[in-house]
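Thanks for asking me to look this one over.

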Amino acid sequence: MSTEPGSLILQMLRQMRAELATKADLSELATKGELDSLRSEMKSDMRTLRADVASDLMTTRKELGDQIIGLRRAVIDYHTSVIGHGLLISDLEARVRRVEQHLNLPSLTAG
């Protein structure tokens, strides 16, 4: 059985339809007691179905939340890393300029 809410609902509806078809085939006319019993079974099945769907939705929401948190962490780590490299490169460029000036070397960017 798939854990997707749609698959679970579809499977339960098929089971309910099969049960109804079987009961309809057994007798054309049902007594009031049988109808009440069937009604209570249907209500019970619907409550179970609602609980299963709610549980699946909560699980899906939690999984999506966890994935979003992971994505945010990855973006922050990447951003921090890129900024860190940018600072290192800027520091290196400043040092190279000072060395060029100290040695009276022409800058490569000056042409």
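1. A word on terms to begin with: a residue is called buried when its relative accessible area is under 20%, exposed when that area is over 50%, and partly exposed in between. By that cut-off, the buried residues of helix H2 are Leu49, Val53, Asp56 and Glu100. Please keep in mind that this is a predicted model.

2. Now the overall picture. The protein has two helices and zero strands. Of its 111 residues, 6% are buried. The exposed surface comes to about 9,700 Å², and carbon and sulfur atoms supply 62% of that area.

3. Helix H2 covers residues 32–102. Does its length fit its residue count, or what span should we expect? At 1.5 Å a residue, the 71 residues of H2 should span 105 Å, and the C-alpha atoms at its ends lie 104 Å apart, so the two values agree.

4. How many salt bridges are there in the model? The count is two, taking a salt bridge as a side-chain nitrogen of Lys or Arg within 4 Å of a carboxyl oxygen of Asp or Glu. One of them joins Arg39 and Asp36, with 3.0 Å from N to O. These two side chains belong to residues three places apart in H2, which means about one helical turn between them. Arg39 is partly exposed, at a relative accessible area of 47%, and Asp36 is partly exposed too, at 33%.

5. Another salt bridge pairs Lys62 with Asp66, where the closest N and O atoms are 3.1 Å apart. Here the spacing in H2 is four residues, again about one helical turn. Lys62 is exposed, with a relative accessible area of 54%, whereas Asp66 is partly exposed at 44%.

6. Leaving aside residues up to four places away in sequence, Glu100 touches Leu105, Pro106, Ser107 and Leu108.

7. Val99 sits in helix H2 and is partly exposed, with a relative accessible area of 46%.

8. Last, the residue Asn104, which lies in the segment after H2. Is its phi positive or negative? Phi of Asn104 is positive, near 55 degrees, in a residue other than glycine. For context, most residues other than glycine have a negative phi. Asn104 is exposed, with a relative accessible area of 69%.

Definitions and conventions:
Residues are numbered from 1 along each chain as its sequence is written. This is a predicted model: local features need pLDDT of at least 70, side-chain atom pairs count only at pLDDT 80 or more; totals for chains, interfaces and linings use all residues. Side-chain values use heavy atoms; hydrogens and water are left out. Buried means under 20% relative accessible area, exposed over 50%, partly exposed in between (1.4 Å probe, protein chains only). Accessible areas come from the Shrake-Rupley method with a 1.4 Å probe; for residues, only the protein chains shown count as cover. Contact means heavy atoms within 4.5 Å. The expected span of a helix is 1.5 Å times one less than its number of residues.
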